[in-house]
Every structure is written in C-alpha cells, then in structure tokens.
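Hello,

Here is the structure I promised to pass on, with my notes on it below. Please have it open while you read.

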Amino acid sequence: MECIAKKQGRYVVTSEKYSADQMGTYPDFIIGGAMKSATSSLHTILATHDRIFIPETEIHFFSIDDPIHHPPFFFGPKGVRRYQDYERDFDRNLTWYQKFFAPARDEQVVGEDSTVYLASPEAPARIRNFLPDVKLIFLLRNPVDRTYSHYWHRVRKGYATHRFEHELQHGPTTLHLRSLYKPQLQRYYETFSREQIKVILFEQFIENTQKVVDDVCAFLDVPMSIEVADVNDHANSSKVPRWLRLQLWLNRRSRSLSDRYGSHLPGESSAQFSARDRFRRKIYSRLKRWNLKSGSYPPMNPETRQHLSQIYGQKNRGLGKIIDANPEGHWDCL
C-alpha cells in the first residue's frame, strides 16, 4: 500500500485518498520483537516518558493475516472460523489501526510493539511501504533461553498442552521460528537502512537497563531519558505451575473456551458461549490461577539444551556480523 507522509517530523495522514476515520498520526517507531526478550519491559519503561505514546496492547496490524503466528486470528473457539486479509481489507483495517494512536498528543513520539513482526515474512515490506522512515527496535535473547521461556509463557496462557520436549517435536513451529533471528533480521536490513534499525541484546538490557534505555531515547530523538529505577518494569512477572501435569490438563480442557482476540480484531466479535460453557470457563480459569505461583521455572534438560544449542547455533551463525552487537560474547550457543 502507498505510504503516508511525514509532516513536521511525524507520520500524519492528510491525503484526500484517506477517509476522515483514517486521518491522524501513526507510529514513528516500532518495537518488533523478539518474544520473551524484554519487549514488554522496554514498552513499560518507555510508556512512562511524557514525550512517548505507545498503545497498551499489541496490535499486529502488519501481520494480521499470518495464520502461523496468529492461529487465534483464524481459528476461534467452539468452531468459530475467521479470515483476515491485509490487502483486501486494508481500508477497514487502517481505520481500526489508527484508533490506537488517536489519544497521542502532538508533541509525543508515537510507537507500537509486536512480538511477531521480527518473525513475520510479510511485515518488513508492509512496514516499509506504509512507514518508510520508521525506526525499528529489536531485542534478541539467547535463542535457547528464549525458546524455553516461550514454552512456559504458553503454559501460563493456556496454549501448551504437553511437556517441553513433546511441544518442540510435535507442537507449534513458532517455538523454533521465533528463535531464528539471522534470516529474519536480514529481511529488515535488506528493506530498511541500517540507521533505522537498533538491535538490543536481552542480556545487555538486564545487565545495564539504564544505559540501554538512554540509548533508545537517543535513537528516538527524545530529549529526556527515563530514570529506570523509578519504574516497575516487571510487566510479565514470572509465574510457574505448582503442578505442571495439572496445568497442562487444564489447558487441554479449557482451550476451546477461550477467545482472547475475538473482540480485538477489526470486524469481529467475541465468540458466544452457552451458560454451561461460561460456567466451565470460570471454573477452569480459577483453577489455573490457583495453580500458578511466583517463582522460576525448572532448569532445562541438559541434553535438550545441547540439542537446541546446535540447532540455533547453526541457524544464527554469523549473526554478529550483521548487527551492531556481540551475541557471541553473551550466548553459549554461538
């Protein structure tokens, strides 16, 4: 789709080709992933800055029709079938997209974040066509640790129904895909100038959060930084099941009763549940919350770690040569 124009340094729709509902501001920057690499923490910290506006939720506009990374966008609960098409429904989706940025003030730098954009094959070209001068921020984590954290995220959210090794072999391919950084970043470097892209290592973010945030603010041309010590950035505090087998059983029993994205998607509404199903969902939700406790998940099986290190080491070999960071100094799989 044709790009929109910048006006006084900001993306603003003013052309007559757009409707009144599509007029307004759009992102100056995008935090594009990777998942479980402190993207939520960075979002939380930046959102406290008076000169930065970020919608609370992940929108996924540029990857809305990706059935691999967004199965719930296509296959809802109780037999609900949905269909998303970025090109066909662009006007409708753009009106929906703009509403997320309408509250931004004129003096604010506008951003959004999505843990899917890095892995999405279509997102780079779509972002470039619509927001050609946008700034892009990607956080990368040791891919072995990222995959394991991703699995436990799926356990908490009700998606994982088997143990880790089984999910790796038979479960969603996204566990692996989200850790294949090199080919994904190459798409962005081939589409955007290097000056528009900032890559941050999760390990560096944890070691010196203040320095990383200062660098990000400078990258975004925000005049003042943020005192990280004053911000509670634990947006996704760690919780683990008391009994994993119980949690996985509850996830299997309740996954057809959840509809997280029905009301989020443009032109869609939440699935309708019977009174019996609503009661069951309530019981399962209470049991799952009760079974979760604060704490750290158990260590990965050493043989599994070694196996994943070989896989991701080979797929991400040479990553340090294309980014302005040194993953080899932080990741034992490279």
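The side chains of His 60 and Glu 58 are joined by a polar contact of 3.3 Å. (A polar contact is a pair of N or O atoms within 3.5 Å; within protein, one must be able to donate a hydrogen and the other to accept it, and residues adjacent in sequence count only if both atoms are side-chain atoms.) Before I go on, please keep in mind that this is a predicted model: local features need pLDDT of at least 70, side-chain atom pairs count only at pLDDT 80 or more, and totals for chains, interfaces and linings use all residues. Residues are numbered from 1 along each chain as its sequence is written, and side-chain values use heavy atoms, with hydrogens and water left out.

Back to His 60, which sits in the loop between strand S5 (52–53) and helix H2 (90–99). Helices (H or I, at least four residues) and strands (E, at least two) are DSSP runs, numbered from the N terminus. His 60 has a relative accessible area of 5%, so it counts as buried; the cut-offs are under 20% for buried and over 50% for exposed, with partly exposed in between (1.4 Å probe, protein chains only). Leaving aside neighbours within four places in sequence, His 60 is in contact (heavy atoms within 4.5 Å) with His 70, Phe 73, Glu 112, Ser 114, Thr 115, Val 116 and Tyr 117.

The backbone deserves a look too. Most residues other than glycine have a negative phi, and most peptide bonds are trans. His 60, although not a glycine, has a positive phi of about 65 degrees. Asp 221 is not a glycine either, and its phi is positive at about 60 degrees. Asp 221 lies in the loop between H9 and strand S9 (239–241), and is exposed, with a relative accessible area of 60%. A cis peptide bond, with omega about 5 degrees, joins Gly 33 and Ala 34. Ala 34 belongs to the loop between strand S4 (29–31) and H1.

Now for the helices. H1 (residues 39–46) is mostly covered, with six of its eight residues buried: Thr 39, Ser 41, Leu 42, His 43, Ile 45 and Leu 46. H2 is mostly covered as well, seven of its ten residues being buried. Those residues are Phe 90, Asn 93, Leu 94, Thr 95, Trp 96, Tyr 97 and Gln 98, and they pack against strand S3 (24–26), strand S6 (109–113) and helix H3 (123–130).

In helix H4 (residues 143–157) you will find Val 144, which is buried at 0% relative accessible area. What does Val 144 touch, not counting residues up to four places away in sequence? Its partners are Met 300, Arg 305, Leu 308, Ser 309, Tyr 312 and Cys 333. Val 144 and Thr 304 are 160 residues apart in sequence, yet 9.4 Å apart in space, C-alpha to C-alpha. Asn 251, in helix H10 (residues 244–254), is also buried, with a relative accessible area of 0%. Not counting residues up to four places away in sequence, Asn 251 touches Arg 154, Val 155, Gly 158, Tyr 159, Ala 160, Thr 161 and Lys 288.

On the cysteines: Cys 333 is buried at 8% relative accessibility, and Cys 217 is buried at 1% relative accessible area. The structure holds zero disulfides (pairs of cysteine sulfur atoms within 2.5 Å).

Last, the second largest pocket, which holds about 250 Å³ of space. On a 1 Å grid over the protein atoms alone, a pocket is an open set of points where a 1.4 Å probe fits, with protein on both sides within 12 Å along at least five of seven lines; lining residues have an atom within 4 Å of a point. Grid points are joined across faces, edges and corners, and the volume is the space filled by probe spheres set on the points. This pocket is lined by 14 residues, and Lys 198, Val 199, Ile 200, Gln 204 and Asp 215 lie nearest its centre. Strand S8 (197–201), helix H8 (202–207) and helix H9 (209–219) are the elements that give two or more residues to the lining, and S8 gives the most, with five. By class, the lining has seven nonpolar, two polar and five charged residues. Here Ala, Val, Leu, Ile, Met, Phe, Trp, Tyr, Cys and Pro count as nonpolar, Asp, Glu, Lys and Arg as charged, and the others, Gly among them, as polar.

Best wishes
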